[in-house]
Amino acid sequence: MRSIDPIHSLAFSMQANPGVYAVLVGSGVSRSAMIPTGWEITLNLICKLAASHGEECGSEPERWYLEKFGKEASYSDLLNDIAKTQAERQQLLGAYFEPTDKEREEGAKAPTAAHRAIAGLAANGFIKVIITTNFDQLLETALRDEGVEPTILSSPDQVQGALPLIHTDCCVFKVNGDYLDTRIRNTPAELDEFPREFDELLDRIFDEFGLIVCGWSAEWDAALRSALSRAPSRRFTTFWAVRGKSEDKAQRLIDLRGAQVIKIEDADAFFAEIQQNVTSIEEYSRPHPLSTESAVASLERYLPDPRYRIQLSNLIQQTVEQVVEMTSGEDFDVQLSASIDSESVTKRLRRYEAACATLMAMATSGGRWAEEEHNQVWQRALQRLGSTDLTGGVVFWIDLVKYPATLLLYALGLGAVEAGRLRFLRNLFGTTIHRQHKEDLAAVRVLPPSCMFDEGGQEMQELKGMENRHTPLNAWIHDVLQTHTDRIIPDVKRYTRVFDKLETLMALGCAHEDPVEVAYWPPLGAFAYRRERIRVFQEIEKSLETMQDESPYVTSGIFGATAEECKQGLTKLKEFLPNLRWR
């Protein structure tokens, strides 16, 4: 009977446990980039030194060096003797690690497919720790190309001052050093023992993380072998990629750790396959389009028939609970104190959106066909997603917990505005949202993007592609929900007008809910800087002028109980907008 290939087991484990596996790579990963090893550089420098003395070093340069200078060849000693300053050393070593114009054209001394795949996995949160015996900077280059700024550890002082691994996006631990630092470990004596700081960090990594080993023979790095041997825990599997037959020392470690051996052709193909498999599993793990279509079809079947009110309620409640469950794991940790940057903010939003995909599709139809008897079920859904009881953590991440409720409010609102169901919209706006240790407020005062954040939400300027937007999260939500509303609003221009109208009504409704604010400041949206808002204002004004108190804007009660009161609210908003500094 055939068993599952270990590489597929690895992919499933990585996808199910993002960040749990560390990667250990050796010179085999950089070999296809034509990067020499430290020992190869040492031998080449000895040959050049012999030539400068007018001598031949033969086939054993290290022997010539020993006889000439009376000591064993050492990369560090040799480099210090040849190049006295840091600048001179950098120039000398650049030829070994940095490509010439010709090499660049040939693709040499550049990140390989393996480096790119590792960086891609790190960018998506599947790898947080990379241990390497290599001196080159190809991993760092590949990571930065993916938008990941790695924490580099290559000396005891860097390790001692480093943040805990859980608080770094990605850590590259260069156990043998970096080529720009002469303290690299290269000779057998240098590789026999690590600094205490290195041993302590390696002990933690090998205890707390699973391990993927590739391109490392284990023949020369005695200190690294010792660290692997003494690791007390086997809580996660070790996967060891092997070309051909394992060397004796590697095989002993494989046996000791009970490692899963994966036969490979080369490192490039190995890591590319891992990335492809993990990506495929991740995509499949998201709500399947058919399951979303099925949920929407069920919803639309239940909506018009009172006989199905229980089924409708259960369907919405179950979908909401699925969102709550999916957004309660480590990927949504509010204690995360690492830097809040473009990568972390964008990734967190995308994860929320993936969890809410089915609910958003249901909500656009729900708002489109909502009747009075549907008010309570959707209000309960808003309350479930929008009310938080978190007592500790990073304020920004805690505020962002309301994002699924914001998506739900917008999705329902877009359907309602498109169908003219303004009374339903008013009930949504007025839904009471519980806030821990704070006054409970109406949804329209809590869930719009500019109301979500206690400390301004300026972090949203970090959103990828939204750096120059005045209201970045609003513009982001506009793009996210467009794909979920094309069933009911297929025309793109009309969709934007409906979106702007919804945000205009949010601004008017919020100001109406809170008339005693010290300073008038409604929750502005993308409409505030688009000239199309004039059409929305004219449409509302025309309705108020022609229908007076019979206007749906009055009878809905969104921003006033009379036509005159609604006109005053609209005038106040129109007068406020030109005073914005960024207009």
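Is E60 buried, partly exposed or exposed, and what is its relative accessible area? E60 is partly exposed, at 38% (buried means under 20% relative accessible area, exposed over 50%, and partly exposed in between, with a 1.4 Å probe and protein chains only).

The views show a predicted model, in which local features need pLDDT of at least 70, side-chain atom pairs count only at pLDDT 80 or more, and totals for chains, interfaces and linings use all residues. Residues are numbered from 1 along each chain as its sequence is written, and side-chain values use heavy atoms, with hydrogens and water left out.

**View 1. Salt bridge between R63 and E60.** The closest N and O atoms of this pair are 3.7 Å apart. A salt bridge is defined as a side-chain nitrogen of Lys or Arg within 4 Å of a carboxyl oxygen of Asp or Glu. By this rule the model holds 24 salt bridges.

**View 2. Salt bridge between R144 and E149.** A separation of 3.1 Å lies between the closest N and O atoms. R144 is partly exposed, with 42% relative accessibility, whereas E149 is exposed, at 52%.

**View 3. Salt bridge between E513 and R426.** Here the closest N and O atoms are 3.3 Å apart. The pair links distant parts of the chain, 87 residues apart: E513 belongs to helix α26 (residues 492-513) and R426 to helix α23 (residues 422-429). Helices are DSSP runs of H or I with at least four residues, numbered from the N terminus. E513 is partly exposed at 27%, and R426 is likewise partly exposed at 23%.

**View 4. Network of E60, R63 and E67.** Salt bridges with shared partners join these residues into one network.

Conventions
Helix = DSSP H or I, 4+ residues; strand = E, 2+ residues; numbered from the N terminus.
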